[in-house]
Amino acid sequence: MLLHIPDVFTKAEVAALRRTLDAGPWADGNMTSGHQSATAKKNQQLPEDSASAREVSALIVQALNANPMFVSAALPHTIFPPLFNRYEGGGEFGLHVDNAIRQRGDLRIRSDLSATLFLSEPEDYDGGELIIEELYGAQSVKLPAGDLVLYPSKSLHRVTPVTRGARVSSFMWLQSLVRDDADRESLFRLDVATQRVNLDKGPKDQAVIELTGLYHNLLRRWSEV
Ligand code: NI
């Protein structure tokens, strides 16, 4: 499932994050690549240990954990510290699949989900679409600053060349409590539907109680904690 999560940050918050990021020590982007992707990547990245990356990274994780739509869709177990990249002057990232395992110090996750948080407005650059290959065709994603796209890490994806301006974004991987994409999507749809009935009938309605029970019992069957 490909999901657009709007307004993770307000425009004012994005501007503040950008001030911190833009002052950071940007460097060649091949620091985080696996073998396959290193050859395909042409961009800049903030070193993961830089003060600016650490500061903004922590704010992003905090915002995501407080975002009901993100939590319901991703069911996050562990979010790997978000990283940052910048594409300009023809920079691009060719077709690749993200590494299955991410490790940093003592932290090791299986990447179930990938996400890109857009930190540049779409009108400020040309190109820079995130193209995600799905079985039914390619999806092109270019979102307003502050919005996020969540997609399965198993998807082949690429970023088209940025031919004008600069595209700054944060990208991240996470391990989900529910490994299987179809199971996770079913839980998300059930949660959305239950909330809808709840709004209509109230939390004491018998159907709402039973649907909530069903949600938790499926989560109990499918989650790994
Ligand atoms: Ni990737």
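Colleague: Let's start with one residue. In which element is Ser52 found?

Modeller: Ser52 is part of helix H3. Keep in mind that this is a predicted model.

Colleague: How do I read exposure? Is Ser52 buried or exposed?

Modeller: Check the relative accessible area against the cut-off. Buried means under 20%. Ser52 has 9% relative accessibility, so it counts as buried.

Colleague: And which residues does Ser52 touch, beyond those up to four places away in sequence?

Modeller: Ser52 touches Thr20, Leu21, Gly24, Pro25 and Leu46. Two of these names, Thr20 and Leu21, come back when we look at helix H1.

Colleague: Then let's go there. How do H1 and H3 pack, and at what angle?

Modeller: The angle between H1 and H3, residues 51-65, is about 155°. Their axes lie 8 Å apart. Angles over 145 degrees count as roughly antiparallel, so H1 is roughly antiparallel to H3. The crossing of H1 and H3 is left-handed.

Colleague: Which residues make that contact?

Modeller: Leu17, Thr20 and Leu21 come from H1. Ser52, Glu55, Val56 and Leu59 come from H3. Sorted by class, the contact of H1 with H3 has four nonpolar, two polar and one charged residues.

Colleague: Can we try another pair? How do helix H5 and helix H6 pack?

Modeller: H5 covers residues 181-201 and H6 covers residues 206-222. Their angle is about 165°, with the axes 10 Å apart. That makes H5 roughly antiparallel to H6. The crossing of H5 and H6 is left-handed.

Colleague: Which residues of H5 and H6 meet?

Modeller: From H5, the list is Asp183, Ser186, Leu187, Leu190, Asp191, Thr194, Val197 and Asn198. From H6, it is Val208, Leu211, Thr212, Leu214, Tyr215, Leu218, Leu219 and Trp222. By class, the contact of H5 with H6 has 10 nonpolar, four polar and two charged residues.

Colleague: Now the metal. Which residues are the protein donors of the nickel ion?

Modeller: For a metal site, look for the donor residue and the donor atom. Here the donors are His96 through NE2, Asp98 through OD and His157 through NE2. They lie 2.1 Å from the nickel ion.

Colleague: What spacing do the donors of the nickel ion follow along the chain?

Modeller: The spacing is H-x1-D-x58-H. Asp98 and His157 are 59 residues apart, a pair that links distant parts of the chain. Asp98 sits in the loop between strand E7 and strand E8, while His157 belongs to strand E15.

Colleague: Are Asp98 and His157 buried or exposed?

Modeller: Both Asp98 and His157 are buried.

Colleague: Where do Asp7 and Leu75 lie?

Modeller: Asp7 lies in the loop between strand E1 and H1. Leu75 is in the loop between helix H4 and strand E5. Asp7 counts as exposed, at 60% relative accessibility. Leu75 counts as buried, at 7%.

Colleague: Asp7 made me curious about its contacts. Which residues does Gly146 touch, apart from those up to four places away in sequence?

Modeller: Gly146 touches Asp7, Val8, Phe9, Val14, Leu117 and Phe118. Gly146 lies in the loop between strand E13 and strand E14. Its relative accessibility is 0%, so Gly146 counts as buried.

Colleague: How do I compare distance in sequence with distance in space?

Modeller: Take two C-alpha atoms and read both numbers. Gly146 and Phe118 are 28 residues apart in sequence and 5.8 Å apart in space. For Ala12 and Gly146, the numbers are 134 residues and 9.5 Å. Ala12 is in helix H1. Ala12 is exposed, with a relative accessible area of 57%.

Colleague: One last residue. Where does Ala73 lie, and is Ala73 buried or exposed?

Modeller: Ala73 lies in helix H4. At 2% relative accessibility, Ala73 counts as buried. Beyond its neighbours within four places in sequence, Ala73 is in contact with Met1, Leu3, Leu150, Arg184 and Phe188. Ala73 and Ser176 are 103 residues apart along the chain, and their C-alpha atoms are separated by 9.6 Å.

Terms used:
Residues numbered from 1 in each chain as written. Predicted model: local features only at pLDDT ≥ 70, side-chain atom pairs only at ≥ 80, totals over all residues. Heavy atoms only, no water. Donors = N, O, S within 2.8 Å, 3.2 Å for Na, K, Ca; no water. Helix = DSSP H or I, 4+ residues; strand = E, 2+ residues; numbered from the N terminus. Buried < 20%, exposed > 50% of the residue type's maximum accessible area, 1.4 Å probe, protein only. Axes fitted to C-alpha atoms, helices over the stretch in contact; angles between N-to-C directions. Parallel < 35°, antiparallel > 145°, perpendicular 65-115°, else oblique. Left-handed = near helix turned anticlockwise from the far one by under 90°. Contact = heavy atoms within 4.5 Å. Nonpolar A, V, L, I, M, F, W, Y, C, P; charged D, E, K, R; others polar.
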